[in-house]
Amino acid sequence: MARRDDDNLMNKLRQMSEEGITGFFNEIMSNDRMRSSFGKAGQRFMANKQSFDRNVEQVLDFVNLPAKRDVRDLKARLDPLSSQLLNLSIKVDRVLDHDEPAKAKPAIRRAKKSS
């Protein structure tokens, strides 16, 4: 019984929060001044995030650790090499498979006839 009450309470809280968020954003979108302030705050947030990301990359570079971009660049360089290595491996396997039947056949020697 307590479980059902907990679920009902959580559903009511979720519904209230969804209605509250919807009302908040409707109010922001209807007011030009609030909408522009909200947009500027978003732009400042993104500028701060970019600055933070640059600072983190500099710290990682300083302690000689690769950043996410470095790993991505390295992966982009390694992917073609990996596919070339796979193709080469397939070709070597084909050559070895082609040569094995010739080596596997026992040499047939013709016996010399004694005269």
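Is R69 buried, partly exposed or exposed? R69 is partly exposed, because its relative accessible area is 41%, and the cut-offs put buried under 20% and exposed over 50%. Keep in mind as you look around that this is a predicted model.

**The overall picture**

Welcome to the chain as a whole. It has three helices and zero strands, so the order read from the N terminus is simply α-α-α. Of its 115 residues, 2% count as buried. The accessible surface of the chain is about 11,500 Å², and carbon and sulfur atoms hold 57% of that area.

**Aromatic rings**

Let us turn to the phenylalanines. Searching the whole structure turns up two aromatic pairs. In one of them, F24 and F25 have ring centres 5.4 Å apart and planes at 70 degrees, so this pair is edge-to-face. The other joins F25 to F38: here the centres are 5.9 Å apart and the planes stand at 85 degrees, so this pair is edge-to-face. The angle settles the label, because planes over 60 degrees apart count as edge-to-face.

Where do F25 and F38 lie? F25 belongs to helix 1 (residues 2-30) and F38 to helix 2 (residues 32-62), so their pair ties together parts that are 13 residues apart in sequence. Taken together, the ring pairs link F24, F25 and F38 into a cluster.

How open are these rings to the surroundings? F24 is partly exposed, with 41% relative accessible area. F38 is partly exposed, with a relative accessible area of 41%. F25, found in helix 1, counts as partly exposed at 35% relative accessibility.

Along with I21, the residues F24, F25 and F38 make a nonpolar patch of about 380 Å². Helix 1 gives the largest share of this patch, three residues.

**Salt bridges**

Charged side chains have their own story. Side chains of opposite charge can pair when their charged atoms come close. How many salt bridges does the structure hold? There are four salt bridges, and the table shows some of them, including the one made by R69.

| Salt bridge | N to O distance |
|---|---|
| D32 and R35 | 2.2 Å |
| K49 and D53 | 2.8 Å |
| E57 and R69 | 2.4 Å |

Start with D32 and R35. Both residues lie in helix 2, three residues apart, which is about one turn of the helix. R35 is partly exposed, with a relative accessible area of 35%.

Next come K49 and D53, both in helix 2 as well, four residues apart and again about one turn of the helix. K49 is partly exposed at 39% relative accessible area, and D53 counts as partly exposed at 32% relative accessibility.

That brings us back to the residue we began with. The side chains of E57 and R69 meet in a salt bridge (2.4 Å, N to O). E57 lies in helix 2 and R69 in helix 3 (residues 68-104), so this pair ties together parts that are twelve residues apart in sequence. E57 is partly exposed, with a relative accessible area of 30%, while R69 is partly exposed at 41%.

Methods. Residues numbered from 1 in each chain as written. Predicted model: local features only at pLDDT ≥ 70, side-chain atom pairs only at ≥ 80, totals over all residues. Heavy atoms only, no water. Helix = DSSP H or I, 4+ residues; strand = E, 2+ residues; numbered from the N terminus. Buried < 20%, exposed > 50% of the residue type's maximum accessible area, 1.4 Å probe, protein only. Areas by Shrake-Rupley, 256 points an atom, 1.4 Å probe, with all protein chains shown as cover. Phe/Tyr/Trp six-rings, centres within 6.5 Å; stacked < 30°, edge-to-face > 60°. Patch = residues over 30% accessible without salt bridge, like charges linked within 9 Å, V, L, I, M, F, W, Y side chains within 5 Å.
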